[in-house]
Amino acid sequence: MMSKILDYIVKGQGLGVKFLLIFSVILALFFGFYIKSQGTDLIPYAQQIADQMLPIKIENGIVVEPADTIRTASLSFDDSSAKFEVPFVIDTTTDDIDISRMSEGIYLTRSNIYSVQRNQSRIIKLEGNFDLPRGDYTPQFRSILNWTALTLGFFAVAFCFVFYFLLSIFYAFCASAVAGLAQKKLDFDQRMRLAVLCLIAAYVLFIFLDLLGAGNSRLLFFLVVI
């Protein structure tokens with residue numbers, strides 16, 4: 001096994017890109033499954049909010065249901081815990097609110113949506129017609145979650161690949177110094193293949209260490225790769 005690895009480093013072709021791509025895909029799959037797993041646990045809470053805030057009906061840019069009403073939502077994570085207030089308020093008793101006096105959150109009035117944040121606030125004028133009745137939206141939440149996990153997984157592949165490729169270039173330059181100390185001559189392609197394999201091996205090792213609860217640091221990771 002070791003001889004095959006050495007043969008690949010010394011006599012192989014390319015920069016080890018295919019191994020980086022495979023590793024990035026594997027990490028993205030785990031990331032997508034993690035997002036889906038965690039999101040599935042949150043679906044019942046999303047339905048809790050829907051049950052408290054719906055129905056919402058808008059006609060010609062005006063909220064007609066609920067009319068002249070203030071609604072707030074809260075989440076209860078178990079029977080004994082205190083309720084958590086959701087930062088979303090429906091206030092159809094007015095058209096405009098003074099956002100300077102409001103805490104961060106989303107506010108729906110008769111004719112506007114206010115997004116209040118610490119550094120930036122936005123006002124969106126309601127338009128057209130919209131009807132969202134009360135009901136069981138669990139299938140829709142699951143569909144949104146699946147598409148979200150798929151989309152984030154796709155971007156995770158691209159991000160991981162670019163990040164690890166640049167990191168491999170850095171370690172390839174470090175490998176030139178190591179090769180000099182070992183009195184070995186390696187061209188850039190060889191050093192890249194070496195860096196890619198060492199980087200992937202180190203990440204696998206540290207993933208297992210994290211699962212075991214063992215502490216680590218960036219310096220320790222750097223030394224392991226070197």
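A helix here is a DSSP run of H or I with at least four residues, numbered from the N terminus. With that in hand, I opened my notebook on this predicted model.

**Entry 1: Q190**

I looked up Q190 and found it in helix α4. Is Q190 buried or exposed? I noted a relative accessible area of 11%, and the cut-off for buried is under 20%, so Q190 is buried. Setting aside neighbours within four places in sequence, I saw Q190 in contact with I9, V10 and K185.

**Entry 2: α4 beside α2**

I stayed with α4 and turned to its packing. Two packed helices are described by the angle between their axes and the distance between the axes, so I looked up both. Helix α2 covers residues 17-53 and helix α4 covers residues 188-211; their axes are 10 Å apart, at an angle of about 20°. That makes α2 roughly parallel to α4, since angles under 35 degrees count that way. I wrote the crossing of α2 and α4 down as left-handed.

Which residues of α2 make the contact? They are F19, L20, F23 and L27. On the α4 side I listed V196, L197, I200, Y203, V204 and I207. Sorted by class, this contact has 10 nonpolar residues, with no polar and no charged ones.

**Entry 3: α4 beside α5**

Next I followed α4 to helix α5, residues 218-225. The two axes come within 9 Å and cross at roughly 135°. That makes α4 oblique to α5. Here I noted a right-handed crossing.

From α4, the contact is made by C198, L199, A202, Y203, L205 and F206. From α5, I found L220, F221, V224 and V225.

**Entry 4: the cysteines**

A disulfide is a covalent bond between the sulfur atoms of two cysteines. How many disulfides does the count come to? It comes to 0.

Why is C160 in none? The closest cysteine sulfur, in C198, is 19 Å from that of C160, which is too far for a bond; the cut-off is 2.5 Å. C160 itself is buried, at a relative accessible area of 14%.

C198 is in no disulfide either, and the nearest cysteine sulfur to it, that of C174, is 11 Å away. I put C198 down as partly exposed, because its relative accessibility is 28%.

Most residues other than glycine have a negative phi, and most peptide bonds are trans, so I looked for exceptions.

The peptide bond from L54 to P55 is cis, with omega near 5°. P55 lies in the loop between α2 and β1. I also found a cis peptide bond from E65 to P66, with omega near 0°, and P66 is in the loop between β2 and β3.

That loop between β2 and β3 holds D68 too. D68 is not a glycine, yet I read a positive phi of about 50°. It is exposed, with a relative accessible area of 59%.

N60 also has a positive phi without being a glycine, about 55°. Where does N60 lie? I found it in the loop between β1 (56-59) and β2 (62-65), exposed at a relative accessible area of 68%.

Beyond residues up to four places away in sequence, N60 touches G128 and N129. I also looked up N60 and F130: they are 70 residues apart in sequence, and their C-alpha atoms are 8.8 Å apart in space.

Technical notes: Residues numbered from 1 in each chain as written. Predicted model: local features only at pLDDT ≥ 70, side-chain atom pairs only at ≥ 80, totals over all residues. Heavy atoms only, no water. Axes fitted to C-alpha atoms, helices over the stretch in contact; angles between N-to-C directions. Helix = DSSP H or I, 4+ residues; strand = E, 2+ residues; numbered from the N terminus. Parallel < 35°, antiparallel > 145°, perpendicular 65-115°, else oblique. Left-handed = near helix turned anticlockwise from the far one by under 90°. Contact = heavy atoms within 4.5 Å. Nonpolar A, V, L, I, M, F, W, Y, C, P; charged D, E, K, R; others polar. Buried < 20%, exposed > 50% of the residue type's maximum accessible area, 1.4 Å probe, protein only.
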